[in-house]
Amino acid sequence: MYILSYKLGFIDSCRLAEFIVKDEVRKGFFRDKGLAAGLVRMHFHDCFVRGCEASVLIDSTPSNTAEKDSLANNPSLRGFEIIDNAKARLEAICKGVVSCADIVAFAARDSVEITAGLGYHVPTGRRDGRISLAAESLTNLPPPSFNVNQLTQLFANKGFTQAEMVTLSGAHTIGRSHCTSFSNRLYNFNGSSGQDPSLDPKYAEQLKGQCPQGSTNPNLVVVMNPSSPAITDVGYYLDVLAKRSLFTSDQTL
């Protein structure tokens, strides 16, 4: 990752910045539609640890395990190549002007737009961080097992209201999850041999077919919103109401 000083007002000195990022997101999306969700998640996982300063991009060293290699991010976090490609193009035309942190923020916004979601203005001026600690990901990011009170407190610690928490949770309308993040709801809920009673039984049977009990395959994944996994819509909220959410942290809403 590039660590660079940031020049204010880069829109004047690098007018193609947002266009270039959008172009790289578009190319990545056409190769793999799942990358849009990955980039939104990357932005969230970056901002919730040390703020939106791109520390999630920093590589681990022999003496330090960085955020990107924490259990919360590895191997599930993806889309790094989109950020790298955009950064390389920007460095070629306006060296030292656009921070990685702003690129990550642009890419998340562009990913929402390309999946038919509403666009929004992204203010610029973020500076890239230099510190990245895997342990901080585990203490700052909400795990899929949290209940509503735990989630509310965690988001409040970051300055978000409960309503804003619910809005941000809607990002789960796109993307996928590893079976390991919710299989406890299918086979061993709260130490019992049964499934989570708050999970729709028919949906639970469908999930069991995709995530067999006792599977040792760490790469098994399931889409978050089966009806429209690559479209930013209200499908997530409909699933919550219908008891068809993957995570406890979603169903608890």
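This is a predicted model: local features need pLDDT of at least 70, side-chain atom pairs count only at pLDDT 80 or more; totals for chains, interfaces and linings use all residues.

User: What is the volume of the largest cavity?

Analyst: The largest cavity comes out at about 60 Å³. Searching the whole structure turns up one cavity of 30 Å³ or more.

User: Now the helices. How do I describe two packed helices?

Analyst: In general, you give the angle between their axes and the distance between the axes. Here, take helix α2 (residues 17-31) and helix α4 (residues 80-93): they pack at an angle of about 145°, and their axes are 9 Å apart. The crossing of α2 past α4 is right-handed.

User: Which residues of α2 and α4 meet?

Analyst: On the α2 side, you'll find Ala17, Ile20, Val21, Asp23, Glu24, Val25, Lys27, Gly28 and Arg31. Across from them, α4 brings Glu81, Ile82, Asn85, Ala86, Arg89, Leu90 and Ile93. Sorted by class, this contact of α2 with α4 holds eight nonpolar, two polar and six charged residues.

User: What is a disulfide?

Analyst: It's a covalent bond between the sulfur atoms of two cysteines. With a cut-off of 2.5 Å between the sulfur atoms, the count for this model comes to three disulfides. One of them joins Cys14 and Cys94, with sulfur atoms 1.9 Å apart.

User: Which parts does the pair Cys14 and Cys94 tie together?

Analyst: Look at where each cysteine sits. Cys14 is in the loop between α1 (10-13) and α2, while Cys94 is in the loop between α4 and α5 (100-114), so the pair links parts that are 80 residues apart in sequence.

User: Let's finish with the backbone. Which peptide bond is cis?

Analyst: Check the one from Asn74 to Pro75: it is cis, with omega near 15°. Pro75 belongs to the loop between α3 (35-50) and α4.

User: What is the phi of Ala54, and where is Ala54 found?

Analyst: Phi of Ala54 is near 65°, which is a positive value in a residue other than glycine. Ala54 is located in the loop between α3 and α4.

Methods: Residues are numbered from 1 along each chain as its sequence is written. Side-chain values use heavy atoms; hydrogens and water are left out. Axes are lines fitted to C-alpha atoms, for helices over the stretch in contact, and angles run from 0 to 180 degrees between N-to-C directions. Helices (H or I, at least four residues) and strands (E, at least two) are DSSP runs, numbered from the N terminus. A crossing is left-handed if the near helix is turned anticlockwise from the far one by less than a right angle, and right-handed if clockwise. Contact means heavy atoms within 4.5 Å. Ala, Val, Leu, Ile, Met, Phe, Trp, Tyr, Cys and Pro count as nonpolar, Asp, Glu, Lys and Arg as charged, and the others, Gly among them, as polar. On a 1 Å grid over the protein atoms alone, a cavity is a set of points where a 1.4 Å probe fits but cannot get out, and a pocket is an open set with protein on both sides within 12 Å along at least five of seven lines; lining residues have an atom within 4 Å of a point. Grid points are joined across faces, edges and corners, and a volume is the space filled by probe spheres set on the points.
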